[in-house]
Amino acid sequence: MNYFGDVWDWLRDGQHWTGDEGVPNRLLEHVQISIVSLVVATLVALPIGLLLGHFRRGAFVAINVSNIGRAIPALSILLMAVLVWGIGDPPSYLATIGVVSVPAFVALVALAIPPILTNTYVGVAGIDPNVREAATGMGLNGREVLRTVELPLSGPFIMAGLRTSAVAVVATATLLAYVGGGGLGRFIIDGSRISYSDPRVFVGALFVALLSVTAELALGFVERVILPRPLRASSSAVSDDAPRVAA
Amino acid sequence: MSILAAYDGDVWIDWSWVGDHGDEIVTHLREHAELTALSIGLGLLIAVPLGLLAAFHPRVRGVTIAATGVLYTIPSLAAFALLLPWTGLSRATAVIPLASYTLLIIIRNIVAGIHGVPREVREAATGMGYTSAARIGWVDIPLALPAMFAGLRIALVTVIGLIPVAALVGQGGLGRLMRDGFDRGFRTPLTVGIVLTVALAVVCDLAVLLAQRVLMPWSRRRRA
């Protein structure tokens, strides 16, 4: 099979590395929508998770939002969003933060919120009550406990949630091409319409996989930088497991 | 077909379409269930021995978790696409990547389950004269089963939710309904596909939970 020969020839063609339809621009589109969605999802999910955890309220919702999120196919959210909002130009307030497509943005944010929310909640609510009492005993008020005790101690959980979401967002952003969006999925969708052995299919899949692994590694690096050493231990064991909560 | 004109394309559910297409819906639902069973079956076949090995050998554990972690990171559409030139339109295109996603989930839970067995319990078993093989079979594994079942449930729901993506490469069970509805701008099949996918996930999840309750009475959580 001369399949890999074709792929190699495609990669060596300089035309495939410039312009709107070149690899760099598709990669940029993919990264841009992923980062914007992830940031917005974090801005929504993190405060809610922290507050619910701090007041130990809404455990049922905070934990089950992830289970429901896992069961609803990401593809279906995207398809529904397109049928509702169309694929037209986004309103200006969304365009200024880098959103190119409203349904894509909605689907990716909806996908990214549950893991961050659940992990943050579990991280905060699972903190040893003795630690909180000690903090209160030292004269910290509720807000200070949240900021200086609960937030850092739940850091590994929050990062695990972020990593889960990041990988899911990068993966799902590939599907945007199916509804007329850009990103690396373009190569897979366009290629497979010609032939399943079209070199673009392999190229697209390869770059998406590399991007996904890179996102995971990059967040792992961020985690090492921002978390104090004692909090770093084996956080990856947390991300997708059934959350344990002090009932 | 002109018959389409008889249905309402602007509502989320047109029951007359559902009534007329019962057979088609059942066929897709069955395909979804079959793909799920194949993927989970293949996943268990690989993950259970590997997970047990990883639980007792730290070196195997590191390599296994890292390798399955990389597999887990590969986006599903990319994985399906990478297999297309070799497996084409066969079910293997969907089943191989889906099974590979279950590995990390199942293995991590097996390891967590085995490591969660209290040390005193192991020592007590050894003190009672169990050989290490007998202890693993009669003490460690039974006590780790609830954690393993938790992993199985996550794997099941994950696979059921990912199968629709395979509709973009000619597989996909209920995903075919979603794609069909979307491509024609006709909402009802999309709604039916989503609702049945979620329903299938919930039913499978509850079935495993029930099986666990029946088979393993000791796994019921005791309230302190």
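The secondary structure of chain A consists of eleven helices and zero strands, and its order along the sequence is α-α-α-α-α-α-α-α-α-α-α. The model described here is predicted, with an ipTM of 0.83 and a pTM of 0.86. Taken along the principal axes, the C-alpha atoms of chain A fill a box of roughly 70 × 40 × 30 Å. Of the 247 residues in chain A, 45% are buried. Among the contacts of chain A with a separation of 6 or more, 75% are accounted for by residues 24 or more positions apart.

Chain B comprises nine helices and zero strands, arranged along the sequence as α-α-α-α-α-α-α-α-α. The C-alpha trace of chain B spans about 75 × 45 × 25 Å along its principal axes. When contacts in chain B between residues at least 6 apart in sequence are considered, 71% join residues at least 24 apart. The mean pLDDT of chain B is 89, and 95% of the residues score at least 70. Among the elements of chain B, the lowest mean pLDDT, 87, belongs to helix H1 (residues 15-20) of chain B, and the highest, 95, to helix H2 (residues 22-56) of chain B.

The contact between the chains involves 34 residues from chain A and 37 residues from chain B. On the side of chain A that touches chain B, two or more residues are given by each of helix H3 (59-71), helix H4 (74-85), helix H9 (155-173), helix H10 (185-194) and helix H11 (199-226) of chain A. The largest share of this side, nine residues, is supplied by H11(A). Classified by residue type, the side of chain A that touches chain B contains 23 nonpolar, seven polar and four charged residues.

The burial of individual helices was then examined. In H10(A), seven of the ten residues are buried, so this helix is largely enclosed by the rest of the structure. The buried residues of H10(A) are Gly185(A), Arg186(A), Phe187(A), Ile188(A), Ile189(A), Gly191(A) and Ser192(A). Their packing partners come from both chains: helix H2 (23-55) and H11 of chain A, together with helix H4 (76-87) of chain B. In chain B, helix H5 (residues 92-115) has 24 residues and reaches 34 Å from its first C-alpha to its last, close to the 34 Å expected at 1.5 Å a residue. Because 20 of the 24 residues of H5(B) are buried, this helix is likewise largely enclosed by the rest of the structure.

In soluble globular proteins, nonpolar side chains tend to be buried together. The largest nonpolar core of the model has 127 residues, and those with the most contacts inside it are Leu78(A), Leu108(A), Ala112(A), Ala78(B) and Ala81(B). Helix H6 (residues 102-125) of chain A gives the most to this core, with 16 residues. Beyond its neighbours within four places in sequence, Ala81(B) is in contact with Ile188(A), Ser192(A), Val201(A), Gly204(A), Ala205(A) and Val169(B).

Arg56(A) lies in the loop between H2 and H3 of chain A. Most residues other than glycine have a negative phi. Arg56(A), although it is not a glycine, has a positive phi of about 50°. With 13 other C-beta atoms within 10 Å, Arg56(A) is partly exposed, as a residue is placed in that class when the number falls between the limits of 12 or fewer for exposed and 20 or more for buried.

Ile87(A) is located in the loop between H4 and helix H5 (92-95) of chain A. The 16 C-beta neighbours inside 10 Å of Ile87(A) place this residue in the partly exposed class. Apart from residues up to four places away in sequence, Ile87(A) touches Val82(A), Ser101(A), Pro103(A), Val179(A) and Gly180(A). Ile87(A) and Val65(A), 22 residues apart in sequence, are separated by 27 Å in space, C-alpha to C-alpha.

Conventions
Residues are numbered from 1 along each chain as its sequence is written. Chains are lettered from A and ligands numbered from 1 in the order in which they are written. This is a predicted model: local features need pLDDT of at least 70, side-chain atom pairs count only at pLDDT 80 or more; totals for chains, interfaces and linings use all residues. Two residues are in contact if their C-beta atoms, placed from the backbone, lie within 7 Å. Helices (H or I, at least four residues) and strands (E, at least two) are DSSP runs, numbered from the N terminus. Ala, Val, Leu, Ile, Met, Phe, Trp, Tyr, Cys and Pro count as nonpolar, Asp, Glu, Lys and Arg as charged, and the others, Gly among them, as polar. A nonpolar core is a set of buried Ala, Val, Leu, Ile, Met, Phe, Trp, Tyr and Cys residues joined through C-beta atoms within 7 Å. pLDDT is the predictor's confidence in each residue, from 0 to 100. The expected span of a helix is 1.5 Å times one less than its number of residues.
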